[in-house]
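I opened the model today and kept notes as I went.

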Amino acid sequence: MSRLAFLSPHEADVAGVSPLRHVQGAAFTDVSELGKLEVRGDVDLLEAIPVGPGRALVVLEGDARSERDRLVGEGYRVYDMTAALAALEVEGEDLMRRLTELDLDALPAIGSIARGTTALIERRGGERFRLFVPQELGQFVAEVVNDMAQGHLTLGHSDRAMNVMQERAEVNQLLGIDSRVVLPDEIARLCPQLDLSDKPTWPIMGALYHPPGGIIRHDAVVWGLARGADRAGVEIHPYTTVTDIEHSNGRVTGVETNRGRIEAGAVVSATAGWSTLVCGLAGVRLPITTHILQAFVTEAVKPFLDVIIVSAQMHVYVSQTDRGEFLIGAEIEPYTTYKSIGTFPFLEYSARHTLELFPQLERLRVLRTWTGLCDLSPDYSPILGQTEVEGFHVSAGWGTYGFKAAPIVGTTLAELVATGKTPDLIAPFALERFHTDTLVSELAAAAVSH
Ligand SMILES: Cc1cc2nc3c(=O)[nH]c(=O)nc-3n(C[C@H](O)[C@H](O)[C@H](O)COP(=O)(O)OP(=O)(O)OC[C@H]3O[C@@H](n4cnc5c(N)ncnc54)[C@H](O)[C@@H]3O)c2cc1C
């Protein structure tokens with residue numbers, strides 16, 4: 001028997017005490033009570049998680065002693081690690097990607113989690129993962145998991161809004177999405193910093209809660225997509241402006257750029273706020289208007305907000321970044337423009353609405369603001385696929401929510417270009433719908449930028 005037996009609650013005949021007992025949260029399940037035996041020897045023969053040459057972890061429900069005795073009897077060296085390792089289970093690949101850089105397709109593996117803590121990570125099937133970490137760091141890791149899980153709350157401030165939230169939750173659930181309506185007592189637990197009193201102009205009656213909702217670093221994602229495209233052999237030409245789109249006999253034939261002509265039998269315009277101008281070069285008119293959308297960040301303060309708060313009524317969204325800055329955005333400006341400079345009215349109304357929700361931010365200073373162009377279609381849905389010019393395709397009209405759609409747009413438009421057939425998924429979004437009067441209203445989803 002190992003001299004480290006004191007690490008086993010079973011050996012001492014006491015009830016185990018979880019190292020995660022002081023951390024609560026819906027983001028993980030505490031499975032620290034599992035029996036854990038580190039086995040050394042010719043472990044290839046065992047049904048166990050390999051943790052290194054000649055080392056493996058055997059995980060057991062309940063008392064580990066009989067299995068330990070059996071393995072010792074077979075000549076293995078066995079260390080009872082039950083109390084030495086905290087164990088937690090989390091759901092979701094997105095969450096895991098925020099927690100670790102380990103390849104999730106090559107698990108089990110040992111590596112860094114939560115920026116520097118060593119963990120053994122195992123996939124439990126589907127998107128469920130089990131993490132084993134040294135017990136003294138278990139609480140820290142569990143808290144990071146809670147923070148990273150974030151969660152997205154869309155606030156409701158009226159009976160009507162609450163009815164809409166309920167309908168949205170039900171639709172989401174039918175589609176297998178983790179989404180439900182929560183009332184102020186639960187909001188207070190999820191976000192104690194929020195002013196839930198009757199002082200705000202529109203007091204909070206409830207919220208639509210999406211626990212896996214989170215923020216991704218958009219520049220990292222874009223670079224990741226670019227790197228993937230490059231690896232697949234795609235040529236990327238930055239600083240190259242399309243100045244004309246050649247077409248004859250109803251077919252596209254090429255594009256003229258400031259760096260020369262490119263012959264092309266298929267062209268996709270994915271130029272968002274500039275779509276009407278670029279598609280106009282091909283003679284294609286789009287029912288799109290271009291507006292500006294603004295956002296700003298405050299100076300950094302100690303982290304205190306780990307959920308994302310959106311209010312469609314107040315037209316504002318608020319989250320806190322990893323660096324501690326508050327990121328605040330609103331809805332598009334109601335007028336059309338290509339002038340992408342920030343405006344004072346935006347700063348004023350979004351700051352005012354934010355302070356109604358979080359009065360404690362009153363003294364924060366604005367660090368920087370930015371503005372981008374957004375392309376809005378009449379029914380707030382994107383325009384995807386073929387146009388009347390054969391071979392000339394479009395992705396436009398994404399307005400304020402096109403970032404998250406980029407991968408599926410890339411996949412479906414690539415399929416269209418390769419096969420000449422419009423994938424079913426994007427068929428309802430054809431430009432033609434504005435002639436056949438088969439609009440796809442996404443006004444509710446686009447009610448506030450997100
Ligand atoms: C402040 C702000 C916040 C946002 N927040 C979110 C969010 O939280 N979630 C979300 O999903 N979406 C969000 N969006 C919307 C999202 O950014 C857009 O819907 C998305 O970027 C559109 O992607 P795209 O590839 O179609 O176009 P873009 O990313 O706009 O790219 C269009 C490209 O076309 C290029 N171009 C234009 N004219 C020409 C030409 N003649 N020749 C060559 N190139 C040309 C432009 O330089 C640009 O690089 C936000 C937008 C803004 C402005």
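My notes cover the domains, the sheets, the helices on them and the ligand shell.

**Ground rules.** This is a predicted model; local features need pLDDT of at least 70, side-chain atom pairs count only at pLDDT 80 or more, and totals for chains, interfaces and linings use all residues. Residue numbers start from 1 along each chain as its sequence is written.

**Domains.** I looked up the division first. Domain 1 spans 9-148, and domain 2 is made of 218-288 + 378-449. These bounds come from an automatic or database domain assignment. The C-alpha centres of the two domains lie 46 Å apart.

**Four-stranded sheet.** I traced an open sheet with the order β3-β4-β2-β5 and antiparallel pairing. Strands (E, at least two residues) and helices (H or I, at least four) are DSSP runs, numbered from the N terminus. Two strands count as paired if DSSP finds at least two bridges between them. β3 (49-52) and β5 (77-80) are at the edges with a single partner strand each, so one side of each has no neighbour in the sheet. Neighbouring strands are turned by 30° against each other on average, direction ignored. I then checked β2 (residues 35-40): four bridges join it to β5. Arg 40 has Arg 77 of β5 as its bridge partner.

**Hairpin.** β7 (residues 109-113) and β8 (residues 117-123) are antiparallel, with five bridges. Ile 110 is bridged to Leu 120 in β8. Three residues lie between the strands, and Ala 114 takes a positive phi near 50°.

**Eight-stranded sheet.** I read the order as β11-β12-β10-β18-β19-β20-β17-β21, open, with mixed pairing. β11 (180-182) and β21 are the edge strands. The twist averages 20° from one strand to the next; axes are lines fitted to C-alpha atoms, for helices over the stretch in contact, and angles run from 0 to 180 degrees between N-to-C directions. β11 pairs with β12 (residues 206-210) in the antiparallel sense over three bridges.

**Helices on this sheet.** Helix α4 (residues 159-174) lies across β10 (152-156), β11 and β12, at about 20° to β12. Contact means C-beta atoms, placed from the backbone, within 7 Å. Helix α8 (residues 344-357) packs on the sheet and touches strands including β17 and β21; its direction makes about 65° with that of β19.

**Ligand.** Which residues come nearest to the ligand? Of the 23 around it, I noted Val 242, Ala 272, Gly 372, Gly 402 and Phe 403. β17 (289-300) and β21 (366-376) each supply at least two residues of the shell. The shell divides into 12 nonpolar, 10 polar and one charged. Here Gly counts as polar, and Asp, Glu, Lys and Arg as charged. "Around" means a C-beta atom, placed from the backbone, within 6 Å.

Definitions and conventions
Two residues are in contact if their C-beta atoms, placed from the backbone, lie within 7 Å.
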